[in-house]
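Open the model in your viewer and keep the selection tool to hand. The tour goes one stop at a time.

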Amino acid sequence: MRKLSKIAIVSCALSLSLPAVSAETLKLGVLATLSGSGTAWGIAMQGAAELAAEDVNSRGGLEVAGKKYTVEITAYDDRYKAADALTAVNRLIFDDQIKFIVGPLGSAPALAVLPVSTENKVITMTLAFTPKALSPDFPYSFRPVIPTDVFSDPQVKWVVDKLGAKRIGTLYPNDESGQQVSIANEAAYNKVGATFVAKEPFERERVDFVPLLTRVLAQKIDAFELDGNAPQTAGLLVKQLRELGFKGPIIRTGGDATPDILQIAGKEAAENIYVHQAVDPASPVMKEYTRRFEAKYKVPMNAFSPFFYANIQALFSAMKQAGTVTDTDKVRETMLGMSNFATVLGKVNWTGEAQWKSNQQLDAPFYVAVLKDGAPQIVARCNPTECK
Amino acid sequence: MEYAILLAQAALNGLVIGAMYVLMAVGFTLTFGIMRVVNFAHGEFYMLGAFTAFFTYVYWDIPFVLCLLIAAVTIGVLGALVERALIQPFRGDETSAMIATLAISVIIQNSAIVIWGPTPRQMPDIVQGTLLLGPFSFPWSRLLVIAAAALIFAAFWLFMQATRIGRAMRAVAQDKEAALIQGIRINTIYPLAFGLSVALAALAGALMGPVFSVSPFVGLTPMLKAFVVVILGGLGSIPGAVVGGLLLGLIESFTATMFGSLVADILQLLLVILILLVRPAGLLGQREV
Amino acid sequence: MLETSSPALPKLERSQTAESRNLRQGAVIAVLLAVAIGVPQFATNQFYLHLANMILLNAIFAMSLGLIMSVGQISLGHAAFVAAGAYISALAALDFKLPPLLGILLAGLVTGFSAALLGKVLLRLRGVYFVLVTFLAGQVFTLIALNWESVTHGANGIVGIPAISLFGFPLGTRLRFYYFALGLFVLVFAFVWALMRSQYGRAFRSIAENLRLAEASGIDVSRYQVIAFSLGSSIAGATGAVMVHYVRFLSPDSFTFTDSIAYITILVVGGRHALIGCLLGSLFMTPLPEALRGLVGTQHILYGVILLGMLLFLPEGLVSIGRLFSRGSSRGTR
């Protein structure tokens, strides 16, 4: 790879006079949780990178400045631990000489990784809902997924108006992501006159929620909010809530967990759950993407995956326009300059300046869906100001 | 009245997890009492039991009782083989044996991840519905766990009291030297005891499979709890494991219901450390000489 | 029982060839040091340098745990002391603007002192009971770090921890830190080596070999165990502080039970009864996960297999391979 960059420089110069097409490799790193309870998200990211590579390579490679690059993926597991993520990012940057990383995943790993990636001008696409993940201090950090503090306000308003729920109960994991999501959600509920009458943090490895749910249900709640719980945990919560006889609506104002909820709780228990729906599952492009993903990985696709695919599409396109696969400054600027860019998600833009002073948040429409008979049905279409 | 419902729910739930803790702790303490080995892989056998029950129940579609039996036998035999091949070489060296079980635990858990994947699987309920007693509602699936655990423990108790092998195990636990003189063969007793111990863990896993979910990670928490229980009850003491298991289940359930889970977790650990310091041999254990 | 099963780290030899042995040892150490100083020349990229730094730090953690094991007690909560040291220094640097070097010193003192207090109580427990109580104490520490948010920043972790600066010379780069870590390693190594040759070392060993015999022959067992526990924890705390100023991020996840197990593994793989085993073990175990990071799961399986294989076939660790080749020549470092 280091050789490659030298060749690239030389051949960039040459290509001005000799527009011949020759084969090279372009390495893309994946740094995500590929073991443990965050795996569904990690595989979503890895899958996006691998499918994007597959698509480009099947057309003979990515053509940049007269050269065809075969895209290769190097994926490392961080076990959802900040220290592991740090070692892995060091390795991606220094050993594998990678300039573009799909990751990190989770807020703690992101905060550990971003200083290193920024210092080395490496572009990252993070799945972390912490507001600190986007900032002028991290000019190479992009976020393709829409965080809770953007979608919770319009979604919560719509759901609360529809259900008339005032007393909300919730359980959330006691870690950075869990706390972050819960804070954003609580604020959103308070704005529309509902309150968290029972909220309980718990340690991540807990599997028996019955005592905690008993405690929450004793507060006579109108609805239960699943918050930012990991997909499996969300599934267990739904199951145990229904076992305890809770028949009210359940709301998921957090990342996509629908496949896991259906798998763990079963479709009867999952009736009447209002979920944040990142993509429209009925769109034909999305259907095709989902089919490919599920055929390849044999697991239900997590809805975060197409967002990363979309970001990689933008990245590849920016590389072509900028005419470089090594100069991350140029690629970054070109990518930020793109608007109404057509992706698997439909037309996307960049946003975020007002909230984080960094315009590197992917902007795409999102939805509220309700689970009926084991499938999400879209009931409202949203943008950051309202749901309809 | 509402308070009464809350307390009843907490008590029932305490009994359910308590029953699971008892099965885990009895096996754990058995290995220690007889072989002097702290088995860090105990939770992985729980996980294997859960997977065995899952696959036999879902794919073979046989009665759940048979699934339990298959889980106990296969995992028990596996445990005996593991003891014979990997733990026996460290006889008399507690430290190495303990580290060996740590290694075994890592190997089993990660093999499970590679083979079955990390995604949890949902096992269909064995029994459905809820028992309604006035204002109280108890899911049958949880009541089943209590009943099954009680039956399993009764069978185990009978085995230890009434069979030749059971008596031999108790003799070794009480006084190894004397047992040796009486002609009890350690090389047969140890693998059998280890097999029996992990079979109990497998049964616990198989019973809890339908209540929670089944994944390669489910063994960790029950094992930690087994640690706590045997310290409460005294290492090597079977009555201590029963009392300690039920007590821990109830304490955990009540504190979590009343004060939330963080208080429950910290309180539990501090309580155990306190007991260790005041009564190092546990509530019912005998002090080692 | 534990008390009898884990003899001390170095063994004092009263051989008549002490002088020639010392010479040989001196030569070996000089060569090793020269190689160590030259490592950055071979480290073709920053990642390898990062690994070298982690190898040195892990070796020190293993040595500090070895010190505690040298009085026959195994701690499964060692990572808690590492974490405590890291928190003390990181928070002192951020909240009180204490220079990292002083923070590291403070971390060593506080962890050493609290270990002495804790040790007085905990070390009354022997064998398995001590193992279990240290295990639980480690869990309690993680829970506290997670929930005492106002001080520890909870699960969010601490970011922006400053790098060590040596008399105004910042050690932020991997290369500069390497020499600092190497210096620290040599210092700790020399300290433990000397300690094991003093009357303390002799007392430690007799306790580890036969606790009751040691007690009967008038050795104040509890005092020596507390000293070893306190020294080992203090080194762990100070080194944890050093590490946090290098990694510059700290969360309750940073040092947990898994890390305590990793230190034990390093000791076992390298050789429990030899000081140099800590370095050998770390040299082998620290880069190992990297060789397999792409292969999820398989990596950890291999980790377990190696640990088990070492216990079964090479119970004295990698150190004993060297001994097979040159019998006697390395006995001095036993």
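What percentage of the residues of chain C count as buried? Of its 334 residues, 58% do. The model is a predicted one.

**Stop 1: chain C as a whole**

Colour chain C by secondary structure. Of the contacts in chain C between residues at least 6 apart, 78% join residues at least 24 apart.

**Stop 2: α5 and α11 of chain C**

Select residues 100–122 of chain C for helix α5, and residues 221–247 for helix α11. Their axes come within 7 Å and cross at roughly 150°. An angle over 145° counts as roughly antiparallel, so that is how α5(C) lies to α11(C). The crossing is right-handed.

Show side chains at the contact. On α5(C), look for C:Pro100, C:Ile104, C:Ala107, C:Gly108, C:Thr111, C:Gly112, C:Ala115, C:Ala116, C:Gly119 and C:Lys120. They meet residues of α11(C), including C:Val226, C:Phe229, C:Ser230, C:Gly237, C:Ala241 and C:His245. Colour this contact by residue class: 10 nonpolar, 9 polar and 1 charged.

**Stop 3: α12 and α13 of chain C**

Next, select residues 257–270 of chain C, helix α12, and residues 276–285, helix α13. How far apart are the axes of this pair? They lie 7 Å apart, and the helices pack at an angle of about 110°. The range from 65 to 115 degrees counts as roughly perpendicular, so α12(C) and α13(C) fall in that class. α12(C) passes α13(C) in a right-handed crossing.

On the α12(C) side, pick C:Thr265, C:Ile266, C:Leu267, C:Val269 and C:Gly270. Among their partners in α13(C) are C:Cys278, C:Leu280, C:Phe284 and C:Met285. The residues of this contact divide into 7 nonpolar, 5 polar and no charged.

**Stop 4: α5 of chain B**

Move to chain B and select residues 140–162, helix α5. Check its length from end to end. At 1.5 Å a residue, its 23 residues should span 33 Å, and the end C-alpha atoms are 33 Å apart, so the two agree. Buried residues here include B:Leu143, B:Val145, B:Ile152, B:Phe153, B:Phe156 and B:Met160. B:Ser141 and B:Arg142 are buried too.

**Stop 5: α9 of chain B**

Finish on residues 220–233 of chain B, helix α9. Its 14 residues should span 20 Å at 1.5 Å a residue, which agrees with end C-alpha atoms 20 Å apart. Is α9(B) mostly covered or mostly exposed? Mostly covered: 13 of its 14 residues are buried. Step just past its end to B:Gly234, which takes a positive phi of about 105°.

Key: Residues are numbered from 1 along each chain as its sequence is written. Chains are lettered from A and ligands numbered from 1 in the order in which they are written. This is a predicted model: local features need pLDDT of at least 70, side-chain atom pairs count only at pLDDT 80 or more; totals for chains, interfaces and linings use all residues. Side-chain values use heavy atoms; hydrogens and water are left out. Axes are lines fitted to C-alpha atoms, for helices over the stretch in contact, and angles run from 0 to 180 degrees between N-to-C directions. Helices (H or I, at least four residues) and strands (E, at least two) are DSSP runs, numbered from the N terminus. Angles under 35 degrees count as roughly parallel, over 145 as roughly antiparallel, 65 to 115 as roughly perpendicular and the rest as oblique. A crossing is left-handed if the near helix is turned anticlockwise from the far one by less than a right angle, and right-handed if clockwise. Contact means heavy atoms within 4.5 Å. Ala, Val, Leu, Ile, Met, Phe, Trp, Tyr, Cys and Pro count as nonpolar, Asp, Glu, Lys and Arg as charged, and the others, Gly among them, as polar. The expected span of a helix is 1.5 Å times one less than its number of residues. Buried means under 20% relative accessible area, exposed over 50%, partly exposed in between (1.4 Å probe, protein chains only).
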